[in-house]
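Dear colleague,

Please find the structure below, together with its sequence.

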Amino acid sequence: MTTFANRYISIGKESTYGSAVASDAYGEMDDENFTESFDLLTRADITRYGATKSTDSKHYCEGTVNGPLQPDFFIMRLLNGVFGAHTPGSTPGVNDTISEGGANTLPSFTVRIGRDDNNYEYGGMVVESISVSASVGEYAMFSANLTGQGGNSLGSLSSPSYDYTGDAAHFAGAYVNFEDLASNSAYSKLVQSIDFEIKTNRDMDNSYGLGDATCTRAPPMQLREITGNITFSKAILTGDVVVDEPHYTELEGGHLNAGSASNPALSALFEVDSLNYIRFDFFKVHYGAPTTGISGRDSQTMSVPFTALYDATSGMSKITFSSESTKLKGGSATDMDA
């Protein structure tokens, strides 16, 4: 029978790209699909009707972790993998911020996964993208896509240790606000669901060099992209607007919403309780054309795509969080940049 205690997903932040480090964050994830891959080079000469020779080409690893969104050390480290700059609050773990620090500051990780009988190690992994979603009746969900160096290895299983004992955020603690910070008292009551993705578009080809079969440096970040979608419980008309929700008439004409650090264009709060939460703020948002329709006796809803843009003053996005994680809270906090 499977010993489920031997199943785990862990990461450690590397000080030098590709140099394995011990794990210091274990995640309560639902699933993972990490694998090593390599391309094939084949040769077909003029004397035969089929290829006769083949060899391995570029080696790399990639995978995804999925699970509920909670402010533990594991998820916050992965979020910092697409932002780069963690600043503890006056009391660490209380109103910490994670902001965009630029491509040169994004960390790489050693990933270790316990799969029943063996520990699988993947080094030199970087976060290519993260996605977050929340909908009525469900837990808020988190996903991270990682990619990087090939050459995974097998080893002995470890004993996972978890730094956070609370639950994850779910729909009743998910709040979305427009042109202001989201809170449990300032939010739109018309939002049914929200999802968004933050992508770094890593340049894998530019991480290789002659003389090596795998990445010799962290795949550099290219264009940063933030896209998402919001579903409202009805077609929003001018008279429905309470907290600056984008309404159908202005959306049809093309709607750009520029905010500020204190009043972001779009703000999404995922709250477990007053001591444990994660808030995402997007400062400059362009909404796409709304989609709405009717079918039989089904309720009419309205879906609106959005794209976050760069703002010269505030950047594109920022995270504010509080956590009772033993590695994030108080004097014993471990800085995610360490």
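A salt bridge is counted here when a side-chain nitrogen of Lys or Arg lies within 4 Å of a carboxyl oxygen of Asp or Glu. The model is predicted, so local features need pLDDT of at least 70 and side-chain atom pairs count only at pLDDT 80 or more, while totals for chains, interfaces and linings use all residues. Residues are numbered from 1 along each chain as its sequence is written, and side-chain values use heavy atoms, with hydrogens and water left out.

By this rule, there are 10 salt bridges. Among them is the pair Asp240 and Lys234, whose closest N and O atoms are 2.8 Å apart. Asp240 is partly exposed at 21% relative accessible area (buried means under 20%, exposed over 50%, and partly exposed in between, with a 1.4 Å probe and protein chains only). Lys234 is also partly exposed, at 30%.

Another salt bridge joins Arg77 to Asp24, at 2.6 Å from N to O. This pair links distant parts of the chain, 53 residues apart: Arg77 belongs to helix 1 (residues 73-80), and Asp24 to the loop between strand 1 (7-13) and strand 2 (25-26). Helices (H or I, at least four residues) and strands (E, at least two) are DSSP runs numbered from the N terminus. Arg77 is buried, with a relative accessible area of 2%, whereas Asp24 is partly exposed at 23%.

Lys329 and Glu324 also form a salt bridge, with 3.5 Å between their closest N and O atoms. Lys329 is partly exposed at 39% relative accessible area, and Glu324 is partly exposed at 35%.

With kind regards
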